[in-house]
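Trainee: Could we go through this model together? I would like to begin with how packing is defined.

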Amino acid sequence: MENSKTDQKLTEKIELSEPDKWVDSYGNYLYRCALARVRDPKLAEDIVQETFLAALQSRHSFGGHSSERAWLVGILKHKVIDYFRKNSREVPVETPEPFADEFEGVFDENGHWKGDETGPCQWDQDPGNLLERNEFWVALKRCLSRLPSRMANAFSLREIDDIGSKKICEVLNISTSNFWVLLHRARMQLRQCLEIQFFGTKFPEGKV
């Protein structure tokens with residue numbers, strides 16, 4: 001009997017709450033998600049508003065197989081990708097040539113670098129728990145804001161949204177080789193920044 005009740009819960013579809021409750025329930029979380037990706041408070045607000053509008057228009061197609069928040073985050077990701085794609089058409093493409101000597105032989109055939117594979121000192125903890133912590137979002141946004149926009153966007157799409165390299169190259173209008181160079185440089189710079197900003201000691205006063 002207990003197993004049948006458990007099976008029933010697993011197969012039950014999730015029902016959406018009333019749309020007028022979405023802002024209070026998910027607004028702050030979605031804003032942090034957007035801000036970490038686009039690093040502009042006003043733009044993040046606009047993307048969240050567009051997310052709620054799109055959710056309102058498509059709520060009847062909600063399948064009920066994921067949580068309400070996960071569904072909204074999925075919509076937000078598409079809005080961010082649309083922004084990156086549009087913005088990339090207006091930004092000159094960086095070429096990988098200036099970095100060629102520095103990174104020659106660094107990547108394997110799958111695009112992974114062959115050197116030190118370790119991350120920040122506490123980076124092996126559950127990423128989901130990290131993303132629930134407001135102070136992590138603040139530190140990540142601050143560190144990403146120090147990167148060139150296309151480099152930060154490449155990192156966000158790959159590491160935050162887990163999008164494939166082919167899709168990212170299409171969205172950002174860059175070559176595969178340029179993508180791996182940008183991602184490697186972003187990882188290295190963010191690793192150092194986050195170790196100071198979040199995992200370790202803060203910058204000295206006046207240096208943040």
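Mentor: Contact means heavy atoms within 4.5 Å, and a residue is buried under 20% relative accessible area, exposed over 50% and partly exposed in between (1.4 Å probe, protein chains only). This is a predicted model, in which local features need pLDDT of at least 70, side-chain atom pairs count only at pLDDT 80 or more, and totals for chains, interfaces and linings use all residues. Residues are numbered from 1 along each chain as its sequence is written, and side-chain values use heavy atoms, with hydrogens and water left out.

Trainee: Which helices do the buried residues of α3 pack against?

Mentor: They pack against α2 (22-38) and α4 (68-90). Helices are DSSP runs (H or I, at least four residues), numbered from the N terminus.

Trainee: Which residues of α3 are buried?

Mentor: L43, A44, I47, V48, T51, F52, A54 and A55.

Trainee: And what does V80 touch?

Mentor: Leaving aside residues up to four places away in sequence, V80 touches R37, V38 and I47. V80 belongs to helix α4.

Trainee: Why does V80 count as buried?

Mentor: Because its relative accessibility is 0%.

Trainee: How far apart are V80 and L157 in space?

Mentor: Their C-alpha atoms are 9.1 Å apart, although 77 residues separate V80 and L157 in sequence.

Trainee: Changing topic, what caps the N-terminal end of α3?

Mentor: D40 does, with a side-chain oxygen 3.0 Å from the backbone nitrogen of K42. A polar contact is a pair of N or O atoms within 3.5 Å; within protein, one must be able to donate a hydrogen and the other to accept it, and residues adjacent in sequence count only if both atoms are side-chain atoms.

Terms used: Helices (H or I, at least four residues) and strands (E, at least two) are DSSP runs, numbered from the N terminus.
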